[in-house]
Amino acid sequence: MQGRLKMNMRIASLAAVCATVMCAWGAEKVAVVGLQVNHLAEPQHVGAQPLFGWRMETVRAGARQVTYQVKVARAARNASQETMWDSGEVTDGRSVGVSYAGKPLESARRYVWTVAVKDECGRWTESAPAHFSTGLLAEDDWKGADWIAPQVDGAYALKTGCFRRTLTNPKEVVEAWWCVTAAGVFEIYANGRTVTDEFLKPGFTHPLKVRQACTYDVTDRIDCRAGASNVFAAVVSPSWSRDKIACRSRPGRRLAPDLPPALRAVLILRYADGTETKVVTDGAWRAKMDCFSVRTSGIYEGEVVDARTSLDWLTC
């Protein structure tokens, strides 16, 4: 019995020595990577309760996370970062689905976050910063924004609707956010430049039940100087609800056969003096049919494009 006890003690001592050696050898070989919010890298349109995830990478066998610490701050362009959440040191090996538990997030804001993890050797490793931005988080954020649609005689068929508004900055702009939804799929432009490389937004939903909204930072697409004018334009094409293949003419099959291409949007302009204004879709927006190069469009039927069409509508 005594011999076996000594043998166990020797094995335990050897294991401790091996662990110490492995930790010393792998001290510089740990990285925290793959930062995600809601299972996406650098996402937009995030809601009020995001979930965080990351990976600890190392070549050291048996390495594991023991503790983590998440920090989230508001990434303001004209001010120092404001800390929104510091989780503190949490003893947990979890690295997926960590729920936000800080100050209430604000609508149409960009946030920066990092995570630091402590491994089984007691060493901390911090990630590089990652970002996410929020959409409109409260129902009141859409207050005053109307659904607008072009006036047209006869059937809408698969025609494309065009929308435009020119705005002059009353003072210097430091942030501009455009929150958009549509009855159809949209493309949006600021001063003739596309705002996003995403396609078929806002995605497939039942148009009479749910409409998804997308929020974009358009600061880099506009002239922010006081007195400068900027043109905001949108093109809305028919979506799945009006396609002849996706929704055949069977009783109850078509989702919204008579729904015209329509737009609803909120533009948030934040100024250097700390104030902000909201510009919503209303009667001041111009709306027309057949003023874009895409004449007709269908999810499965493709597009008819007239390349002779001037694109001045997007810029002036």
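What share of the 316 residues in the chain is buried?

Analyst: This is a predicted model, in which local features need pLDDT of at least 70 and side-chain atom pairs count only at pLDDT 80 or more, while totals for chains, interfaces and linings use all residues. Residues are numbered from 1 along each chain as its sequence is written, and side-chain values use heavy atoms, with hydrogens and water left out.

Of the 316 residues, 42% are buried, a word that stands for under 20% relative accessible area with a 1.4 Å probe, counting protein chains only. The chain holds one helix and 20 strands, which are DSSP runs of at least four residues (H or I) and at least two residues (E), numbered from the N terminus.

Now to the pockets. On a 1 Å grid over the protein atoms alone, a pocket is an open set of points where a 1.4 Å probe fits, with protein on both sides within 12 Å along at least five of seven lines, and its lining residues have an atom within 4 Å of a point. The volume is the space filled by probe spheres set on the points, which are joined across faces, edges and corners.

The largest pocket has a volume of about 240 Å³, and among the 15 residues that line it, Val185, Glu187, Leu200, Ser297 and Glu303 lie nearest its centre. At least two lining residues come from each of strand E12 (185-190), strand E15 (229-237) and strand E19 (294-298).

The second largest pocket, at about 190 Å³, is lined by 15 residues, with Gln44, Arg110, Ser133, Trp177 and Asp217 nearest its centre.

Notes: Buried < 20%, exposed > 50% of the residue type's maximum accessible area, 1.4 Å probe, protein only.
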